[in-house]
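Please look over the chain and its ligand together before reading on. The points below go from the overall fold to the ligand site.

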Amino acid sequence: MDADRRAELAKRLGEVRARIAAACAAAGRSVEDVTLIGVTKGFAAPDVQALADLGIADVGESRDQEARQKHPAVLAGQTPLRWHMIGQLQSNKARSVAAWSSMVHTVDRPSLVQALDKAVLDARGASKPLDVLIQLSIDGDVSRGGALGADVPALADRIAAADGLRLRGLMVVAPRQMDPIAAFEAAARAAADLRADHPSANLLSAGMTGDFEAAIAVGATHVRVGTALLGDRRGFV
Ligand SMILES: *Cc1c(COP(=O)(O)O)cnc(C)c1O
């Protein structure tokens with residue numbers, strides 16, 4: 001890692017932390033109630049390590065294969081990071097993802113609940129359940145992942161009944177064509193409904209580089225920030 005890149009990451013992280021602090025102040029919230037997830041997809045292990053050295057405790061990855069390869073390289077640096085799976089997930093990757101991730105944000109269908117539960121129970125048993133969020137589709141276009149709002153209660157009950165999983169809350173991505181404030185307000189209402197049925201499901205993962213202030217305003221507990229922290233993901237599709 002060259003010194004220039006390290007200095008750039010430090011500067012970017014400072015700017016993101018300042019934006020988070022301003023959004024929290026505007027919303028009357030404490031910065032401690034918002035976890036910054038550095039989205040490191042498309043960036044190599046030295047960048048992840050540098051962010052960890054700068055104090056980032058949570059990183060997000062969207063592809064199993066990439067994360068699976070990076071994870072041991074960063075672990076070797078002895079950094080106790082939490083790795084979040086934030087990308088669409090095929091059931092046949094459940095076993096691998098359960099091995100490297102601390103939280104899966106993208107659970108959106110019963111078959112995936114079943115696959116993740118079995119993977120955790122086979123690998124380490126019910127004493128170490130995997131934290132999961134239900135990804136909610138705000139606009140009902142499920143082609144980009146996410147469950148329909150009407151399907152969330154049954155999915156939540158299924159997760160709650162799975163010994164290998166712990167239901168922690170909701171995750172959303174604001175649809176491109178929608179006003180992010182309206183999208184996140186809908187997400188916050190859905191999160192409150194979920195919490196009424198499952199009190200420990202009190203997390204809301206919402207907001208990215210372009211819109212995380214709006215997410216913090218409605219109560220996001222986890223923001224997922226890539227570009228503002230690391231720069232453009234050249235070549236990553
Ligand atoms: C890539 C990604 C992010 C980060 O996006 P930026 O705009 O680069 O901050 C956040 N959430 C999800 C689900 C992503 O896939």
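1. The chain holds nine helices and eight strands, where helices (H or I, at least four residues) and strands (E, at least two) are DSSP runs numbered from the N terminus. Residues are numbered from 1 along each chain as its sequence is written. The model is predicted, with local features needing pLDDT of at least 70 and side-chain atom pairs pLDDT 80 or more, while totals for chains, interfaces and linings use all residues, and side-chain values use heavy atoms, without hydrogens and water.

2. Polar contacts are pairs of N or O atoms within 3.5 Å. A polar side-chain atom of Thr 209 lies 2.6 Å from a ligand oxygen, a polar side-chain atom of Arg 233 lies 2.8 Å from an oxygen atom of the ligand, and Gly 226 places a backbone N or O atom 2.8 Å from a ligand oxygen.

3. Taken alone, the ligand exposes 390 Å², of which the protein buries 87%, with areas from the Shrake-Rupley method and a 1.4 Å probe.

How values were computed
A polar contact is a pair of N or O atoms within 3.5 Å; within protein, one must be able to donate a hydrogen and the other to accept it, and residues adjacent in sequence count only if both atoms are side-chain atoms.
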